[in-house]
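Me: I would like to go through how the two chains of this model meet. Please take the questions in turn.

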Number of protein chains: 2
Amino acid sequence: MKARVIVTLKNGVLDPQGKAIEGALSSLGVPGVASVRQGKVFDVELSLADKEAAREALTAACEKLLANTVIENFHIEL
Amino acid sequence: MKARVIVTLKNGVLDPQGKAIEGALSSLGVPGVASVRQGKVFDVELSLADKEAAREALTAACEKLLANTVIENFHIEL
């Protein structure tokens with residue numbers, strides 16, 4: 001089973017990398033970009049057939065390793 | 001307008017970061033993870049109202065800065 005996990009910074013958490021990208025895009029002449037926030041995406045291949053078990057395993061993976069839940073949200077797409 | 005850009009490695013491109021995550025998840029006892037590939041996600045706020053103009057601006061942003069199109073694919077969600 002394939003799954004995608006998206007980890008993004010919580011609202012209010014500063015994102016200097018996103019700010020740098022904003023500045024670079026404006027220097028490069030890309031129009032209309034008001035703000036950018038960067039996150040991470042993980043494409044996971046699972047050997048589990050059951051959707052609920054997969055969601056549980058991915059939640060454990062996010063809480064233990066993939067996301068810092070103090071400053072980041074995670075979203076699991078199955 | 002809000003948009004999300006997802007940048008992932010092309011098939012066949014080695015992903016040592018993903019491999020390290022696979023190993024760490026198995027050490028942490030997360031079950032059923034067969035493979036992991038890591039990518040980047042950009043949440044972009046645009047000041048453009050027109051969808052086509054937004055897609056054009058984001059394609060330019062990806063080609064110029066956000067993605068290395070030799071080894072990465074990008075996908076734009078509007």
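Me: How many bridges join strand 2 of chain A to strand 2 of chain B?
Reply: This is a predicted model. In it, strand 2 of chain A and strand 2 (residues 33-46) of chain B run antiparallel. Within this pairing, K40(A) has K40(B) as its bridge partner. The bridges joining the two strands number 13.

Me: What is the area buried between chain A and chain B?
Reply: The contact involves 33 residues of chain A and 33 residues of chain B. Carbon and sulfur atoms give 68% of the buried area. The total is about 2,700 Å².

Me: How many salt bridges does the rule find across the interface of chain A and chain B?
Reply: Polar contacts are present, with a count of twelve residue pairs between chain A and chain B. A salt bridge needs a side-chain nitrogen of Lys or Arg within 4 Å of a carboxyl oxygen of Asp or Glu. Across this interface the rule finds zero.

Me: Which element supplies the largest share of the side of chain A that touches chain B?
Reply: Strand 1 (2-9), helix 1 (16-27), strand 2 (33-46) and helix 2 (51-66) of chain A each supply at least two residues. By class, this side has 21 nonpolar, six polar and six charged residues. The largest share, 14 residues, comes from strand 2 of chain A.

Definitions and conventions: Residues numbered from 1 in each chain as written. Chains lettered and ligands numbered in written order. Predicted model: local features only at pLDDT ≥ 70, side-chain atom pairs only at ≥ 80, totals over all residues. Heavy atoms only, no water. Contact = heavy atoms within 4.5 Å. Buried area = accessible area lost by both parts, 1.4 Å probe. Polar contact = N/O pair within 3.5 Å; in protein donor to acceptor, adjacent residues only side chain to side chain. Helix = DSSP H or I, 4+ residues; strand = E, 2+ residues; numbered from the N terminus. Nonpolar A, V, L, I, M, F, W, Y, C, P; charged D, E, K, R; others polar. Pairing = 2+ DSSP bridges.
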